[in-house]
Amino acid sequence: MDPDSYLRDFKNNFFIGNYSKNIETWRDVLDESQFGEHIMKIDFYIARSLIAQTKLAYKIQLNEKKNKLTEQFQGITKLTNNFIGGILVNNVDVQKLKESFYSFKDDRVQSLVHYLIWLYMGIQSGQLEEVMKSEKETDQANFPFKEESEIIYLQFLAFLQANNLNKAQQKLNKLRAIDDEDVLTLLAQVYYNMNSDNENVAIQYLGELKERFGDSPFLINLKISILMRQQKFAPAFALGQQLFTILTTKENLKNSSELEILVTNMISLGEILNKPIDEYLQSLQQINYDCINVERAQKLSQNFDDFCSKMSTKA
């Protein structure tokens, strides 16, 4: 496989959530020089895939390939885990982070990795204003990454989360101008139409993503969210049951982030449809003990126990 094909496949698999495919391909590659000039970009996709697959799973994977790891890859993985992995996300000043990253400007591709991490941190920490302000910089003629679709996609997400649909539409148009069939363009179409109350159009783009790049827990979770927005609660619950079985039984598809999204939705759907939700609450408690749904369930349980205790005393 040539370097361009490797880069395309790693990118597609990462953004639709097929992290295990990226990990399997990476583990099978004996010599990473096959990645050519794209090696740092690919290392960044691999690092994010390892971290996203399961919390701390990347450590196991790294140990299995420790004799073949480059210093560059180890550095990118550590940096990615510290920031995108969530360790520092709640305590970061995005503007100061950007200033510290500018010391890495000597290497163009390394600068791109740092710029992307800065944008991700802005979105994850809720500092959307910083991400949106980056448009002034990226629109300049001398900006070195004008055609980098991931930067435009992250700006699109920031404007969408800020409910600035006009700006989001502009970023979507830029993505379409670069490549109308790119995975990020199609994902942006899904999110834009979801937020514009065009759920049927969003599902069409979701189907195109599945047809072009394969299915994944991420795409199924997206479909469940769209069905919920359409108030198609029974089909959403049935699809969620299937995904829950997959995520809890297939080792290569275990993903705590997608499982947390799923069980949170299943708890809401179960309450709407009057379905048992104990299994999903238990699963959510194992993933995120501090989640509001777990806290609510504990309060309901405590109130019920107190009620039973009082009734027993009266008897």
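Predicted model: local features only at pLDDT ≥ 70, side-chain atom pairs only at ≥ 80, totals over all residues.
Two packed helices are described by the angle between their axes and the distance between the axes. Helix H10 (residues 165-178) packs with helix H11 (residues 183-195) at an angle of about 155°, and the axes of the two helices are 9 Å apart. H10 is therefore roughly antiparallel to H11, since angles over 145 degrees fall into that class. The crossing of H10 with H11 is left-handed. On the H10 side, the contact involves Leu-165, Ala-168, Gln-169, Leu-172, Leu-175 and Arg-176, which meet Leu-184, Thr-185, Ala-188, Gln-189, Tyr-192 and Asn-195 of H11. The residues of this contact between H10 and H11 comprise seven nonpolar, four polar and one charged.

A further helix pair is formed by H15 (residues 256-273) and H16 (residues 278-287), which pack at an angle of about 145° with their axes 9 Å apart. H15 passes H16 in a crossing that is left-handed. H15 contributes Ser-256, Leu-259, Glu-260, Val-263, Thr-264, Met-266 and Ile-267 to the contact, while H16 contributes Tyr-280, Leu-281, Ser-283, Leu-284 and Ile-287. Classified by residue type, the contact of H15 with H16 contains eight nonpolar, three polar and one charged residues.

Definitions and conventions
Residues numbered from 1 in each chain as written. Heavy atoms only, no water. Axes fitted to C-alpha atoms, helices over the stretch in contact; angles between N-to-C directions. Helix = DSSP H or I, 4+ residues; strand = E, 2+ residues; numbered from the N terminus. Parallel < 35°, antiparallel > 145°, perpendicular 65-115°, else oblique. Left-handed = near helix turned anticlockwise from the far one by under 90°. Contact = heavy atoms within 4.5 Å. Nonpolar A, V, L, I, M, F, W, Y, C, P; charged D, E, K, R; others polar.
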